[in-house]
Amino acid sequence: MKKSRSVSHALIATGTALLFASLPAHAAPKNQREAFIVADRNGDQVLDAADLKTFLDHMADLGNSQAKKVRMLGIYSVAMRTIDANGDGVASVAELKAQK
């Protein structure tokens, strides 16, 4: 189980790196997936507090009303506590999807 998990994690990281490499450095993300990839600076498939701020700022730029509210009020730490359902200090894709 552990080996297959690490292999799948490596495949995801490789796919993310390839997708990130295909995005021009100056290009703004065009959707939620691209915003996540750009924000996930170390490619670990989760967003720490700094990554989440970047992600939410990109989502606000894309017109997401919740992200706009977070940015306007500067309540990024509240957003992290709300999103981080398991309390591990990072926001996963599953936790972000659960916010819809």
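Q: Let's start with D51. Is D51 buried or exposed?
A: D51 is buried, at a relative accessible area of 4%. Buried means under 20% relative accessible area, exposed is over 50%, and partly exposed is in between, with a 1.4 Å probe and protein chains only.

Q: Before I go on, what kind of model is this?
A: This is a predicted model, where local features need pLDDT of at least 70, side-chain atom pairs count only at pLDDT 80 or more, and totals for chains, interfaces and linings use all residues. Residues are numbered from 1 along each chain as its sequence is written, and side-chain values use heavy atoms, with hydrogens and water left out.

Q: OK. Which helix does D51 lie in?
A: Helix α3, which covers residues 49-61. Helices are DSSP runs of H or I with at least four residues, strands are runs of E with at least two, and both are numbered from the N terminus.

Q: And what is D51 in contact with, leaving aside its neighbours within four places in sequence?
A: A39, D40, R41 and V46. Contact here means heavy atoms within 4.5 Å.

Q: Switching to salt bridges, how many are there?
A: The count is 3. The rule asks for a side-chain nitrogen of Lys or Arg within 4 Å of a carboxyl oxygen of Asp or Glu.

Q: Which side chain meets D51 in a salt bridge?
A: That of R41, at 3.5 Å from N to O. This pair links distant parts of the chain, 10 residues apart: R41 sits in the loop between α2 (32-39) and β1 (46-47), and D51 in helix α3.

Q: What about K53, which residue does its side chain meet?
A: K53 forms a salt bridge with D57, 3.0 Å from N to O. Both lie in helix α3, 4 residues apart, or about one turn of the helix. K53 is partly exposed at 38%, and D57 counts as buried at 16%.

Q: And D61, which residue does it form a salt bridge with?
A: With R71, where the closest N and O atoms are 2.8 Å apart. That one also joins distant parts of the chain, 10 residues apart, with D61 in helix α3 and R71 in helix α4 (residues 65-73).

Q: How accessible is D61?
A: D61 has 57% relative accessibility, so it counts as exposed. R71 is partly exposed, at 33%.
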